Amino acid sequence: MDTIETARLSLRCFEPEDAEAAFRNIYSDSEVAAFMHWNMHSCVEETAQFISQFIASYGKPGFYRWAITMKENREVIGSIGFEVEDPQDAVGSLSYNLCRRFWGKGIMTEALCTVIRYAFDSAGVNRLEAFHSVRNPSSRAVMRKAGMLLEGRARQKYRSHMGYEDCDLYGICRDDLPQVCR
């Protein structure tokens with residue numbers, strides 16, 4: 001899997017040494033974990049085990065997960081990726097999270113636009129989709145800014161630690177690529 005550089009970011013594979021920064025910046029924050037499938041981590045070892053699952057999946061067909069780092073210090077501040085479950089359909093399911101102190105600065109939109117382009121240009125994906133809790137308007141804004149389109153609502157789509165989440169589905173297809181991140 002390629003490392004991808006943007007104006008401010010470096011998206012790279014997770015490494016075991018990232019556990020401490022990932023714990024501090026992402027996985028120990030209850031607000032970052034609020035709408036996720038995973039619960040807030042209580043110790044660095046839990047984060048190390050969590051990211052070891054990403055590392056073990058590198059090289060598997062259809063698995064793409066990057067650590068989001070700022071170029072100036074390379075410290076992990078987020079995670080973004082997609083999985084292609086059926087190569088025949090070429091549909092990838094997106095997910096992402098970001099350290100709270102970087103919210104509202106366009107970091108996630110920059111990362112998402114880059115990953116969308118990578119999926120279409122390098123991974124052979126035809127369609128990407130993502131769900132966000134209807135109680136998480138910030139994630140909706142990121143998807144819209146990246147050119148994704150609202151396609152519908154799924155009631156009680158998944159269970160977060162706060163209960164079952166109603167979610168909006170956003171999608172983008174290869175044919176939509178010229179509209180990505182205008």
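These legends describe close-up views of a predicted model. Local features need pLDDT of at least 70 and side-chain atom pairs pLDDT 80 or more, while totals for chains, interfaces and linings use all residues. Residues are numbered from 1 along each chain as its sequence is written, and side-chain values use heavy atoms, with hydrogens and water left out.

View A. Eight strands form an open, mixed sheet in the order β1-β2-β3-β4-β5-β6-β8-β7 (strands are DSSP runs of E, at least two residues, numbered from the N terminus; two strands pair if DSSP finds at least two bridges between them). The edge strands are β1 (4-5) and β7 (149-160); each has a single partner strand, so one side of each lacks a neighbour in the sheet.

**View B. Pairing of β5 with β6.** Strand β5 (residues 91-98) runs parallel to strand β6 (residues 127-133), and three bridges join the two. Ser 93 has Glu 129 in β6 as its bridge partner.

**View C. Cysteines.** The whole structure contains zero disulfides (a disulfide is a pair of cysteine sulfur atoms within 2.5 Å). For Cys 99, the nearest cysteine sulfur is that of Cys 43, 19 Å away. Cys 99 is buried, at 4% relative accessible area, whereas Cys 13 is partly exposed at 22% (buried is under 20%, exposed over 50%, partly exposed in between; 1.4 Å probe, protein chains only).

How values were computed:
Helix = DSSP H or I, 4+ residues; strand = E, 2+ residues; numbered from the N terminus.
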